[in-house]
Amino acid sequence: MKGVTVVSHPLVQHKLTIMRKKETSTASFRRLLREISLLLGYEVTRELELTTTTIETPLQTMEAPTLEGKKLVFASVLRAGNGLLEGLLDLVPAARVAHVGLYRDHDTLEAVEYFFKAPSDLGDRLVIVVDPMLATANSAIAAIDKLKERGATNMRFLCLLAAPEGLERFTAAHPDVPVFTASIDEKLNEKGYIVPGLGDAGDRMYGTK
Ligand code: PRP
Ligand code: URA
């Protein structure tokens with residue numbers, strides 16, 4: 001699908017399989033999500049622009065590569081986005097962070113916003129939006145709508161699992177936002193859950209339900 005990258009790295013796929021298992025504990029689920037976020041983060045940042053800066057090594061002066069432009073922003077869609085955010089901040093400790101508080105109404109499956117806080121100069125930065133699950137895509141579309149409304153123009157969306165139906169809707173709504181995912185699953189069930197999926201990501205991360 002255009003604009004969608006599936007990260008097929010063997011370590012990502014192996015860890016994802018363990019996360020899917022219903023017997024995987026909250027502690028293991030959380031640890032694996034953090035580990036996977038490092039590998040996904042490597043892929044989603046692969047095309048970051050570089051410039052050069054003059055440095056002195058102990059032996060000589062050189063023109064060395066360094067990231068260009070303003071610090072990037074990770075935008076975490078609460079709650080489950082925080083599971084990806086933590087690992088990504090290990091990779092890019094100087095990144096800025098936006099929080100988009102959304103929950104899915106269980107009856108309508110519409111995204112309901114309850115919190116938003118972001119750097120004021122989103123338009124000057126690459127914004128990587130993170131949420132492990134892209135199901136109906138209502139949450140992802142709402143998060144990107146909001147970030148665009150606040151000035152973001154250069155974005156990527158990073159998730160762990162995506163449903164084909166959600167990907168269709170997302171790429172139609174935001175064709176300018178590339179998606180990175182570890183898997184495109186089979187479908188959504190009648191309750192809007194991804195199948196085979198891994199269940200409710202927030203509940204599995206935090207031991208709620
Ligand atoms: C989950 C998930 C996404 C959303 C995906 O969040 O983390 O944000 O559902 O579903 P959608 O694509 O159909 O919108 P949830 O609403 O369960 O909130 P939580 O992270 O606080 O548990
Ligand atoms: N949100 C989740 O956490 N899991 C799903 O399968 C769908 C939405």
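## Exercises on a predicted chain and its two ligands

In helix α3 (residues 81-91), the buried positions are G81, G83, L84, L85 and L88. Buried here means 20 or more other C-beta atoms within 10 Å of the residue's own, exposed means 12 or fewer, and partly exposed lies in between, with C-beta atoms placed from the backbone. Helices (H or I, at least four residues) and strands (E, at least two) are DSSP runs numbered from the N terminus.

This is a predicted model, in which local features need pLDDT of at least 70 and side-chain atom pairs count only at pLDDT 80 or more, while totals for chains, interfaces and linings use all residues. Residues are numbered from 1 along each chain as its sequence is written, and chains are lettered from A and ligands numbered from 1 in the order in which they are written.

**Exercise 1. Find the elements that the buried residues of α3 pack against.**

Solution. Start from the buried residues, including L84 and L88. Then look for contacts, meaning C-beta atoms, placed from the backbone, within 7 Å. The partners are two helices, α2 (26-44) and α6, along with the strands β4, β5, β7 (126-130) and β9 (154-158).

**Exercise 2. Describe the chain as a whole, starting with its helices and strands.**

Solution. First, the chain holds six helices and 14 strands. Its radius of gyration is 18 Å, close to the 17 Å that the globule rule gives for 209 residues, so the chain is as compact as a globular protein of that length. The radius is taken over C-alpha atoms, and the rule is 2.2 Å times the number of residues to the power 0.38. Next, 36% of the 209 residues count as buried. Finally, the average pLDDT, the predictor's confidence in each residue from 0 to 100, is 97 for the chain.

**Exercise 3. Work out what surrounds each ligand.**

Solution. Take a residue as near when its C-beta atom, placed from the backbone, lies within 6 Å of the molecule. Around ligand 1 there are 24 residues, and R104, A135, T136, S139 and G202 come nearest. That shell divides into 14 nonpolar, six polar and four charged residues. Here Ala, Val, Leu, Ile, Met, Phe, Trp, Tyr, Cys and Pro count as nonpolar, Asp, Glu, Lys and Arg as charged, and the others, Gly among them, as polar. Around ligand 2 you find M133, A135, Y193, I194, G197, D200, A201 and G202.

**Exercise 4. Are T136 and S139 buried or exposed?**

Solution. T136 has 21 other C-beta atoms within 10 Å, so T136 is buried. S139 has 26 within 10 Å, so S139 is buried. Leaving out residues up to four places away in sequence, S139 touches V77, L102, R104, A111 and D131. An unreviewed UniProt entry lists T136 and S139 among its "binding site" positions; such annotations may be inferred rather than shown by experiment.

**Exercise 5. Find backbone angles worth a second look.**

Solution. Begin with the background: most residues other than glycine have a negative phi, and most peptide bonds are trans. Cis bonds join L78 to R79, with omega about -5°, and V195 to P196, with omega about 0°. A137, not a glycine, has a positive phi of about 80°. A137 sits in the loop between β8 and α4.
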